[in-house]
Amino acid sequence: MKAIKKLKPNLSAGPDSYPPVLIRKLVNSIAEPLALIYNSLMSVGQVPDMWRLAIVTPVYKNGAAYDVSNYCRISLTCVFCEVMERVIVSLSVVSDYLMRKGLINKHQHGFLSRKSTTANLLKTFDDWILAINDRASIITAYIDFSKAFDVVCHNKLLHKLAACGITGNLLSWINNFLSGRSQVTRIGHSYSNVTYLSSGVVQGSCIGSLLFLIYVNDVSEAFPDGCVCKLYADDI
């Protein structure tokens, strides 16, 4: 029920055609049946085929309107899948486990509770003040990975998940969730042909965001001593 009540009612329906506002209104009737379905799916580490399909809506950012690189992609997935993702990530022990064990990079400020761009800037500003007080020079580099969420290698991600202690049915469920994903692009009432994806995680989804953090978690180890790294999702 907590996961359903966190759904944004103004979001559009995904491939299953069920709008989040309808699920919120029916929360008292469907919460228990959904819990039984979710437990069954987790026990076998499987997801329905429909849950691996996304409807992509391009949203214009800036620049030339004819250039597809000037659009960001909004992926709409099945609302019942989003609820299960929230249960796994936010309401179960997964996030707490990762934070309690110190498995999430302490310099990461994206997609985490009580972390934000503001916290990221305050930490960075504090580092700069200390450096200036010590009469040290500061060199700053800003790095943004190109199409970061789209190029996540599933095999490497699953290896990193196992190294974090995420195994058993949960790892099988995530593996099945990532395998055989597909998407269609929707413009108005028209749809493109189906495209099958061999890499990447769903940007904007609960579990997709957490999986991406784990995937880039060790990036700060690439920097030498004396170089401080601050992260916000795919920005360094």
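Which side chains meet in a salt bridge at 2.5 Å, N to O? Select aspartate 49 and arginine 52: their side chains form that pair. The model you have open is a predicted one.

**Stop 1: the salt bridges**

Side chains of opposite charge can pair when their charged atoms come close. The structure holds five salt bridges, and this tour visits some of them.

Stay with aspartate 49 and arginine 52. Is aspartate 49 buried or exposed? Aspartate 49 is exposed, with a relative accessible area of 60%. Arginine 52 has a relative accessible area of 12%, so arginine 52 counts as buried, the limit being under 20%.

Next, select arginine 86 and glutamate 82. Their side chains meet in a salt bridge of 3.5 Å, N to O. Arginine 86 is buried at 15% relative accessibility, and glutamate 82 is buried at 17%.

Now move to aspartate 127 and lysine 230, whose side chains meet in a salt bridge of 2.8 Å, N to O. Where do these two residues lie? Aspartate 127 is in helix H6, residues 117–133, and lysine 230 is in the segment after H9, so the pair ties together parts that are 103 residues apart in sequence. Aspartate 127 is partly exposed, at 28% relative accessibility, whereas lysine 230 is buried, at 14%.

**Stop 2: the cysteines**

How many disulfides does the structure hold? The number is zero.

Select cysteine 78 together with cysteine 81. Cysteine 78 is in no disulfide, and the nearest cysteine sulfur, that of cysteine 81, is 6.8 Å away. A disulfide needs the two sulfur atoms within 2.5 Å. Cysteine 78 is buried, with a relative accessible area of 0%.

Then select cysteine 227 and cysteine 229. Cysteine 227 is in no disulfide either; the nearest cysteine sulfur belongs to cysteine 229 and is 7.1 Å away. Cysteine 227 counts as partly exposed, at 39% relative accessibility.

**Stop 3: the largest pocket**

Rolling a probe the size of a water molecule over the atoms shows where empty space is left. The largest pocket has a volume of about 1,400 Å³. To find its centre, select Cys72, Arg73, Ile74, Ser75 and Gln203, the closest to the centre among the 42 residues that line this pocket.

Which elements give two or more residues to the lining of the largest pocket? Colour these in turn:

- strand E1, residues 53–60
- strand E2, residues 71–76
- helix H4, residues 79–91
- strand E3, residues 182–187
- helix H9, residues 206–215

E2 gives the most to this lining, with six residues. If you colour the lining of the largest pocket by residue type, it divides into 19 nonpolar, 12 polar and 11 charged residues.

**Stop 4: the second largest pocket**

Select Thr124, Trp128, Thr140, Ala141 and Val228. Of the 23 residues that line the second largest pocket, these lie nearest its centre. The volume of this pocket is about 730 Å³. How do the residues of its lining divide? The lining of the second largest pocket has 14 nonpolar, six polar and three charged residues.

Note on methods
Residues numbered from 1 in each chain as written. Predicted model: local features only at pLDDT ≥ 70, side-chain atom pairs only at ≥ 80, totals over all residues. Heavy atoms only, no water. Buried < 20%, exposed > 50% of the residue type's maximum accessible area, 1.4 Å probe, protein only. 1 Å grid on protein atoms, 1.4 Å probe; cavity = no way out; pocket = protein on both sides within 12 Å on 5 of 7 lines; lining within 4 Å. Points joined across faces, edges and corners; volume = space filled by probe spheres on them. Helix = DSSP H or I, 4+ residues; strand = E, 2+ residues; numbered from the N terminus. Nonpolar A, V, L, I, M, F, W, Y, C, P; charged D, E, K, R; others polar. Salt bridge = Lys/Arg side-chain N within 4 Å of Asp/Glu carboxyl O.
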